[in-house]
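Trainee: Could you take me through this model one feature at a time, giving me the general idea before the particular case?
Mentor: Gladly; let us begin with the picture itself.

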Amino acid sequence: MSEKNATLHMGEKAYTIPVLEGAAGDRSLDIRTLRKDTRFTAYDPGFVNTASCKSAITYLDGEAGILRYRGYAIEGLVEHCSFIQVAYLLVHGALPTHEERDRFGELLNRHSMIHEDMRNFFRNFPEHAHPMSVLSAMVVSMSAFYPELDDTGNEETDMTVTRLLSKMRTIAAFSYKKSIGEPFVYPSHRFSYCDNFLNMMFSSPVKNYQPNPVVSRALNKLLILHADHEQNCSTSAVRLVGSSFANLYAAITAGICALWGPRHGGANQEVIEMLTQIRDAGGDVNNTIERIKDKTSTFRLMGFGHRVYKTYDPRAKVAKRLCEEVLNALGIHDELLDIAMKLEERALSDDYFITRNLYPNVDFYTGIIFRAIGIPTNMFTVMFAIGRTPGWIANWLEMRADPTMRIGRPRQLYVGPELRKVPSFIKEE
Ligand code: CMC
């Protein structure tokens, strides 16, 4: 292999495979013509080794535990920015000036309400409906109410993007109100993005909500931590659906559905359920660790392990620190945090986890923070979805603007029967 090319030897023949160079030392074998040249496909279940696109949005080094959005380290963004600034960064490629931030905030406020007729949809969901099912159904319904965009990079795209970012939070809060049987609270121009959401969640006709700056800051930071993560399962779903030129709402709904699964964003809910079970069974973490290691069970340590990180997830580091800060500032002692820390300590000194490079991921500590700021457990994955929306949108925009983009259409290795004849007894007379 030279710097620019690799060679694939197959019997007598040798094929040249170009090497693509990305930023920060990223390299990829360009196998775009592999099948045409050789008649072979590349077998890669779970796309473990497949770079499905070129992207300038998020950089992730799983060995070194580095995560950057548009070149900015996640730690710095969490420390210094609001979620709205980071959303702008992801979608537009640069941090906003003060004027751009204000204009963006104003646009988000202007588009925060949902069409009044959409409110009726909420009524027909059963009260026990999981908020993720409501969120996904409502987001795809937006394509029926708001004009579909058919181009990118224009005013109309800006409008759709803003609508989506803004209304996600209204839909999320309405789905919570529906689940507890309380009247919906409309968005208000008085509040910032996060305070507006908190107000829609927690105020009611008999209770005025006073946004708590500790809670608001924590929410901003949590949403930033979730804002993008390159080609993960949900973002890949957004790109795949979007590659058929389905509209943005449809593509984002695919992302929401992919996120819902417990191996992805649904893990944050499962972490709290797991910690609660441990607490209710007396708080001993050893039984749980032994159960996880038992290969006859499918039980996993939720909030642990990652496809790309083979070290501590940098988001989990920030979340762990934030968790302690928020609990202290709110004067809360949560037994679940004690159990989580014991579990982490026990797991990180166990051979099973060490040899497999399993460390806490973003979902391990975030649920405890969500709990502390009053978000109910079944809303955790919805919170993840609100946070991830700018990342999904940025990826969708990047994909649509890429002249080399083709419809997503993986191949397979067929292992079914060879040609068979329909048996005569089956043939119609
Ligand atoms: N607990 C116990 N064993 C685990 C865990 C875990 N959390 N994660 C991986 N393993 C084991 C797995 O059993 C396998 O062992 P063996 O080699 O003996 O068969 C080995 O580690 C490799 O696992 P894998 O499933 O092949 O790894 P993957 O890259 O396909 O899966 C993962 C990544 C995140 C789905 C997985 O680590 C997992 O299920 N974690 C728990 C769910 C979770 O916390 N998900 C949130 C991910 S981060 C945020 C997000 O993306 O939403």
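Mentor: Gln 269 lies in helix 12 (residues 267–280), where helices (H or I, at least four residues) and strands (E, at least two) are DSSP runs, numbered from the N terminus. This is a predicted model, in which local features need pLDDT of at least 70 and side-chain atom pairs count only at pLDDT 80 or more, while totals for chains, interfaces and linings use all residues. Residues are numbered from 1 along each chain as its sequence is written, and side-chain values use heavy atoms, with hydrogens and water left out.

Trainee: Is Gln 269 buried or exposed, and why?

Mentor: Buried means under 20% relative accessible area, exposed over 50%, and partly exposed in between (1.4 Å probe, protein chains only). Gln 269 counts as buried because its relative accessibility is 15%.

Trainee: Which residues does Gln 269 touch, not counting residues up to four places away in sequence?

Mentor: With contact meaning heavy atoms within 4.5 Å, Gln 269 touches His 130, Thr 377, Asn 378, Phe 380 and Thr 381 on that count. The side chain of Gln 269 also makes a polar contact of 2.9 Å with that of Glu 273; such a contact is a pair of N or O atoms within 3.5 Å, and within protein one must be able to donate a hydrogen and the other to accept it, with residues adjacent in sequence counting only if both atoms are side-chain atoms.

Trainee: How should I read the crossing of helix 3 and helix 4?

Mentor: Two packed helices are described by the angle between their axes and the distance between the axes. Axes are lines fitted to C-alpha atoms, for helices over the stretch in contact, and angles run from 0 to 180 degrees between N-to-C directions. Here the axes of helix 3 (residues 83–92) and helix 4 (residues 98–110) come within 10 Å and cross at roughly 100°, and the two helices are therefore roughly perpendicular to each other (65 to 115 degrees; under 35 is roughly parallel, over 145 roughly antiparallel, the rest oblique). Ile 84, Gln 85, Ala 87 and Tyr 88 in helix 3 meet Glu 100, Arg 101, Phe 104 and Leu 108 in helix 4.
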